[in-house]
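Here is a short briefing to read alongside the model. Please keep the sequence and the 3D view open as you go.

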Amino acid sequence: MIRNVVGSVLALAGATAAVWSPFRAWYDGRHGRDYPIEDLFTGITDTRAEVIGSILLPFAFAALVTVLGVVLRSRVLVAVAGLIVLGFTVLWMVRVGQAEGSLVVSGDGRGLGDGVANAFGGGILLLLGALVMSGRARTHRLEPAGPPPTHPTLDGPPPGDTPAGQPYDAETRSMPYAAPGRFDVPAEPPRDRGRDEHPGG
C-alpha cells in the first residue's frame, strides 16, 4: 500500500514535469511548444507550431497514460509513459543536433534550456515511480473442498450415515472401549427346567 502511494506520487510528479517542460526554453531560448511534432520525424525547421500540434502532444498523452496507470495501479502503464517522455526528448535532441551541428549548454540562455531538463527529469521520475509501485494485489483462488470421505474414520461415520440395525450404533460409538462380549456375544437363552428334571418324560 505504501509503495503504491509513493510510486503514484513520483509518477504524477514526473508527468507534471513532462507536461510543463514544453512551456520552458529548450534550445537558444526557443520553447518546446514552438517545435512542431512533425519536425521530430522530418527535421527541425524555423516553423512555429500551434500548442496542440507541438511537442506537448506526446507529453500530454504520456500524462494521460500515467493517470490511468495510477488509477489501475499498473506499473506497466507508468513505465510506458516514462519511456514515451524520454523517447521523444532523445528524438528531439537528435534532430536539434543534426540541425545545429552540435548541442551546447551555456549559462547565457543559449544552448540547451531547462525545459529539456524538466522533460528528462519527468521521464526518470515516471520510471522510478513504476519501480517503486507494487502493483495490484494478486488474489489466490482457493480450490473447492472435496467431498467428505466415504470410508470409516477413527471417529466413526458421520451421524445418520450408519444404516439402522447395524452393530455400530450410537451406543457402541459412545463406548468404543467397552468390555469384550458385551455387544459381540449374545446371551444364552434360558433352558427349560422341566425338561432338565425329567429327561425321560
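Which residues make the nonpolar surface patch of about 650 Å²? The patch is formed by L12, F61, L64, V67, L68, V71 and L72. What you see is a predicted model, in which local features need pLDDT of at least 70 and side-chain atom pairs count only at pLDDT 80 or more, while totals for chains, interfaces and linings use all residues. Residues are numbered from 1 along each chain as its sequence is written, and side-chain values use heavy atoms, with hydrogens and water left out.

**The nonpolar patch**

- Helix α3 gives the largest share of the patch, six residues; helices (H or I, at least four residues) and strands (E, at least two) are DSSP runs, numbered from the N terminus.
- A patch takes residues with over 30% relative accessible area and no salt bridge, joining like charges within 9 Å and nonpolar side chains (Val, Leu, Ile, Met, Phe, Trp, Tyr) within 5 Å.
- A salt bridge here is a side-chain nitrogen of Lys or Arg within 4 Å of a carboxyl oxygen of Asp or Glu.
- Accessible areas come from the Shrake-Rupley method with a 1.4 Å probe, and for residues only the protein chains shown count as cover.
- V71, in helix α3, counts as exposed because its relative accessibility is 61% (buried is under 20%, exposed over 50%, partly exposed in between).

**Aromatic pairs**

- The structure holds five aromatic pairs (ring centres of Phe, Tyr or Trp, the last by its six-membered ring, within 6.5 Å; planes under 30 degrees apart are stacked, over 60 edge-to-face, the rest tilted).
- One of them joins W26 and W92 edge-to-face, at 4.8 Å centre to centre with 85° between the planes.
- This pair links distant parts of the chain, with W26 in strand β1 and W92 in helix α4, 66 residues apart, and both W26 and W92 are buried.
- Y35 also pairs edge-to-face with W92, at 5.5 Å centre to centre and 85° between the planes.
- Y35 sits in the loop between β2 and α2 (39–42) and W92 in helix α4, so their pair ties together parts 57 residues apart in sequence.
- Y35 counts as buried at 4% relative accessibility.
- Ring pairs join W26, Y35, F59 and W92 into a cluster.
- R30 lies over the face of Y35, 4.2 Å from the ring centre (NZ of Lys or CZ of Arg within 6 Å of the centre and within 35 degrees of the ring normal).

**Positive phi in loops**

- D28, in the loop between β1 (25–27) and β2 (30–31), has a positive phi near 55° though it is not glycine.
- R73, in the loop between α3 (56–72) and α4 (75–100), is a non-glycine residue with a positive phi near 55°.

Methods:
Buried < 20%, exposed > 50% of the residue type's maximum accessible area, 1.4 Å probe, protein only.
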